[in-house]
Amino acid sequence: NLALSADSRRVYVIRNRAGASGNAIIELDANTLKEIRILDLNNLAPTGIALSENQRFAYIGAGTDPSTGFPNSRMAVINLATFTLDHVTVLQNNAAGVAINPNGRVVYVANANGNGGVGANEGTISLVNTTDYSVTNHLGVGSNPHDITVSPDGRLVYTVRTEGNLLVVIDALTNTVLRNIPLGIGAWCMALSDDGRFICASEWNPGQAIAIVDTTNFSARLIPSPLYTAGVAFSRDGGRVFFCNS
């Protein structure tokens with residue numbers, strides 16, 4: 001997983017790998033792709049990353065490495081000026097995607113097996129206050145939420161459930177689930193166009209299609225794809241969507 005700075009000069013890549021040179025966040029020059037700095041995350045296995053609106057911090061969803069049982073999820077806060085680990089917040093289980101409200105006050109982390117159990121609200125979204133990094137809510141959204149994003153106006157939060165084949169729409173003001181949109185695929189990764197008009201979600205396994213959702217009416221259409229699609233990104237004008245597959 002990776003994040004691009006607002007000025008497009010830096011790329012931040014998270015690496016999840018066991019061993020002496022394993023879990024880390026790496027800063028690259030976006031023009032040359034040369035490594036500038038690297039920070040070992042040691043016993044944190046990163047899963048998702050998002051940059052603060054002011055570009056001062058990177059928020060990383062992670063699991064404990066090795067896993068220490070419930071709760072095994074963490075959110076790591078990286079100071080991008082000093083490239084140091086500022087804080088670690090305990091979440092729930094199996095952290096995945098990370099997103100930040102444009103107001104800069106709330107970080108959202110999807111926990112695929114959040115409450116550690118089974119049932120309708122097994123998966124959760126952790127809401128973290130960026131003032132003191134306290135968790136204000138673990139919102140139940142159903143099993144296996146993975147990637148997550150926020151609308152440009154900060155009013156809606158979207159997550160995709162791999163189990164259930166659903167896009168979940170959350171009201172960011174009341175922190176309640178507004179609706180569940182059938183996608184027809186068990187989506188793993190997702191992206192939102194810059195204008196907030198379209199969502200693209202990709203299916204990892206068996207990964208035979210991607211879904212395009214129009215957020216004005218939440219209609220979804222499927223586009224056939226190669227097997228095992230993963231990361232997704234829109235062009236700045238929203239006219240193209242790119243996805244990778246293994």
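Which strands each supply at least two residues of the lining of the largest pocket? They are β1 (2-4), β2 (10-15), β5 (44-51), β9 (95-100), β13 (145-150), β17 (187-192) and β21. Strands here are DSSP runs of E with at least two residues, numbered from the N terminus.

Before we go on, keep in mind that this is a predicted model, where local features need pLDDT of at least 70 and side-chain atom pairs count only at pLDDT 80 or more, while totals for chains, interfaces and linings use all residues. Residues are numbered from 1 along each chain as its sequence is written, and side-chain values use heavy atoms, with hydrogens and water left out.

Back to that pocket (an open set of points on a 1 Å grid where a 1.4 Å probe fits, with protein on both sides within 12 Å along at least five of seven lines).

Among the residues lining it are S151, D153, R155 and Y158.

Now look at T229, which sits in strand β21 (residues 229-234). Is T229 buried or exposed? T229 has a relative accessible area of 0%, so it counts as buried (under 20%, with a 1.4 Å probe and protein chains only). A polar atom of the T229 side chain lies 2.5 Å from the backbone oxygen of E203.

Note on methods:
Helix = DSSP H or I, 4+ residues; strand = E, 2+ residues; numbered from the N terminus. Buried < 20%, exposed > 50% of the residue type's maximum accessible area, 1.4 Å probe, protein only. Polar contact = N/O pair within 3.5 Å; in protein donor to acceptor, adjacent residues only side chain to side chain. 1 Å grid on protein atoms, 1.4 Å probe; cavity = no way out; pocket = protein on both sides within 12 Å on 5 of 7 lines; lining within 4 Å.
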